[in-house]
Amino acid sequence: MSSSLHPYSYVQNGELAYEFTTVNGDVYVAYFLDMAAYSPYFTDVYTFNFELRDSNTIPQQDGRVADTICVIMRRIFESNRNAVIIICDNTDHREQGRNRLFQQWYARFGDPSIYKIDRQYHSEYYDIYSSLLIHEQNPNREHIEAAFIQLSEYGFIPEE
């Protein structure tokens, strides 16, 4: 992780949920959700989300938000058995911009032991950009990667 990160202070709300407030008073929540229902290989695999909960103003670009997200993401990799799937929200058709932002944040994260696989699902109606972050020493890496690729090929809709 880059030593130049300057994250906001955050509090942990539950086992895998965090909250922080920016200098402008914007309150963000960041959380991990268990993905075990999607594959028998996803025992320690989570999806990551963050959202603006409260804002006093129109949110400004703030590099410290990225730094804080990177620090929170780092916590999940304290165990090399964990993996994270990022799926860029496409409900407002801004998924490509979210994907670019996430790619920048991954570079900022700066941990060479965390391997990333990117996938894009394209249908007639929408696109889904996704990434799998997994520790290079994860003992289930091959199975998790294969399950992620298969799930991404079906637009993250589990097979019946």
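Predicted model: local features only at pLDDT ≥ 70, side-chain atom pairs only at ≥ 80, totals over all residues.
Trainee: Which residue of strand 4 does F32 stand opposite?

Mentor: Opposite F32 stands F48.

Trainee: Which residue in strand 3 is the bridge partner of T21?

Mentor: Strand 2 and strand 3 are antiparallel, with 5 bridges between them. One of the facing pairs is A17 with Y31. For T21, the bridge partner in strand 3 is V27.

Trainee: Which residue takes a positive phi in the hairpin of strand 2 and strand 3?

Mentor: This hairpin has 5 residues between its strands. The residue with a positive phi, near 90°, is G25.

Trainee: And which residue takes a positive phi in the hairpin of strand 1 and strand 2?

Mentor: Strand 1 (residues 10-12) and strand 2 (residues 17-21) run antiparallel, joined by 3 bridges. V11 has E19 as its bridge partner in strand 2. There are 4 residues between the two strands, and the one with a positive phi, near 100°, is G14.

Trainee: In what order do the elements run from the N terminus?

Mentor: Helices (H or I, at least four residues) and strands (E, at least two) are DSSP runs, numbered from the N terminus. The protein has 3 helices and 7 strands. Their order is β-β-β-β-α-β-α-β-β-α.

Trainee: What is the radius of gyration of the protein?

Mentor: The radius is taken over C-alpha atoms, and the globule rule is 2.2 Å times the number of residues to the power 0.38. For 160 residues that rule gives 15 Å, and the protein's value is close to it, so the protein is as compact as a globular protein of that length. The radius of gyration is 16 Å.

Trainee: What percentage of the residues count as buried?

Mentor: Buried means under 20% relative accessible area, exposed over 50%, and partly exposed in between (1.4 Å probe, protein chains only). Of the 160 residues, the buried share is 42%.

Trainee: What share of contacts between residues at least 6 apart in sequence join residues at least 24 apart?

Mentor: A contact means heavy atoms within 4.5 Å. Among the contacts in question, the share is 58%.

Notes:
Residues numbered from 1 in each chain as written. Heavy atoms only, no water. Pairing = 2+ DSSP bridges.
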